[in-house]
Amino acid sequence: MKQYIKMNNNDNQLSLGNTCRIIKQLSTKKNIATQTDIFCAIFNIENANDSTVNNYCIGCRSIGEKYKKIYMEIKNQTQPFIPILNNLLFILGLPYQEKQSKETLNQNETLKILSQKLYNLAKNDRSILPEKQNQIYKYFKENNYIECLKLIFIIIVLEKKQPIYIEDIVKNTIESILNNTKISLNELESFLQIQFNDGLNYNYSLKKLAKENNAYACFEIGLMEYNGEFTGTPNYEKSYTYFKKAANQNHPRANYLIAKMLLEGKIGTQSNEDITFAYHYLKTAESLGNIAALNQLGLYYKNNKKDNQKAIEYFKKAASYNYPYAFNNLGKLAEKENNHTLALSYYEKSANLEESWALNKTAEYYREGIHCKKDLQKAYFYYKKALNVPLKLQSNYAKYNLAKYFYLNGCYEIGIEKNTKKALSLLEDASTHNLLEAKIELLTYYTKTYFQTRDKNILIKINQLLTEIENHPLYTTQTKKDIETTIINIKQKEKVNRKLFQE
């Protein structure tokens, strides 16, 4: 049996049921504001069957033809609608006045309130065309409550489909999303079937669908190649091949990722021609509603066109959808201009969306008091929060900062005691992810420990860390000097080299 939406308890639908409910709520004469009384007022009739009215208001039955004919006449002329407004005003609690001018009605505060409440339903009802919503709003802003309410009741009685079945809502919503693409509802259904029927033949089924040019399957395989899920290493050329098939059918994210690969040099040569291609892919993704494309367009204007104003325009568009990386980019631009107060406000917005880089960055501002009041409690809060995001998104800098500034020696200002075990665990984790600062901090800790204990096992760890540091891509002459200075201080000014750790 089909399930339908009850039209008098779903607040996002402009319906007969919701209209009756609102009128009853506004009425000061509850005894004459029954569902049937309101129905009779709306259609300017003497009486109606209670159960029939209830079925219409619930939405399980379509409004009868004889009632629709009343509004077919009203649709082409306003005069027959005036008595209906007088009926409604009486039910709402005003004295009945058979004859009122249009000017008087359009100045009536009660009709204004009713118009506003019904407009609020209409603007949230996705089944009403935007042009109709705009027309209702235009009438309301012009204080033309007669035409405003007339259009609303015409939509309710003549245009709204009743009953509204849940499965139809789902279908219509999906078709609306796919509207600007060349992707069919059947393609989505085929893809979801193998998603839900997960089994050993998943990859086989996915590739089979991709051979049939299914946009979702092509994108999914492209993404797996992009992330290196088949061989452990990303294969961007293969990824591009699959993304291109999906992009040709206006798959939004496929267009975005092709552009991203071109701009980052993962495919192509970053030639002017490649950059131009990337721009066109981004514009297509933008037109299809991809928010990440707005942020990437900002990066395009910042990095390729050296146009910060245009970049900010796109970053702000993406940020209006709460896209955290757009807030990060706005913060970086503000920081570059030494507007640290603005930068922090952007970073904190991104941090509150649980973006790990921004969480660490915000914590740094509060820990160091960068153009804000130093607040170690806030810093600690944001560092900790950076470790509560999914594992692969966690900030290694947050692990390093928590270890160094809060656990390794304690932070007694905010009541955190020294916890060497926790500090070393965080540093080891960050070091495993190749964070140079974490490796150096571990080297410092183990060097101190070695000179205190002369433990040969620690010496092995020190030599391993030295090798990793010296082979690190960010290792510089200055890094070497800093390490030497640190170890010299520990070893009481002895010359630092590998022999230093030999007895």
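A polar contact is a pair of N or O atoms within 3.5 Å; within protein, one must be able to donate a hydrogen and the other to accept it, and residues adjacent in sequence count only if both atoms are side-chain atoms. The structure is a predicted model, in which local features need pLDDT of at least 70 and side-chain atom pairs count only at pLDDT 80 or more, while totals for chains, interfaces and linings use all residues. Residues are numbered from 1 along each chain as its sequence is written, and side-chain values use heavy atoms, with hydrogens and water left out.

**Helix α7**
- Asn 108 caps the N-terminal end of α7, with a side-chain oxygen 2.8 Å from the backbone nitrogen of Thr 110.
- Helices here are DSSP runs (H or I, at least four residues), numbered from the N terminus.
- Buried residues (under 20% relative accessible area, 1.4 Å probe, protein chains only) of α7 include Leu 111, Leu 114 and Leu 118.
- The buried residues of α7 pack against α1 (16-26), α5 (82-92), α6 (102-106), α8 (130-141) and α9 (145-159).

**Nonpolar cores**
- A nonpolar core is a set of buried Ala, Val, Leu, Ile, Met, Phe, Trp, Tyr and Cys residues joined through side-chain atoms within 4.5 Å.
- The largest has 50 residues, of which Leu 14, Leu 16, Tyr 71 and Phe 81 touch the most other members.
- Helix α9 gives the most to this core, with 11 residues.
- A second, separate core of 48 residues includes Ala 351, Tyr 365, Tyr 366 and Tyr 383.

**Surroundings of Leu 16**
- Leaving aside neighbours within four places in sequence, Leu 16 is in contact (heavy atoms within 4.5 Å) with residues including Phe 39, Tyr 56 and Ile 156.

Note on methods: Helices (H or I, at least four residues) and strands (E, at least two) are DSSP runs, numbered from the N terminus.
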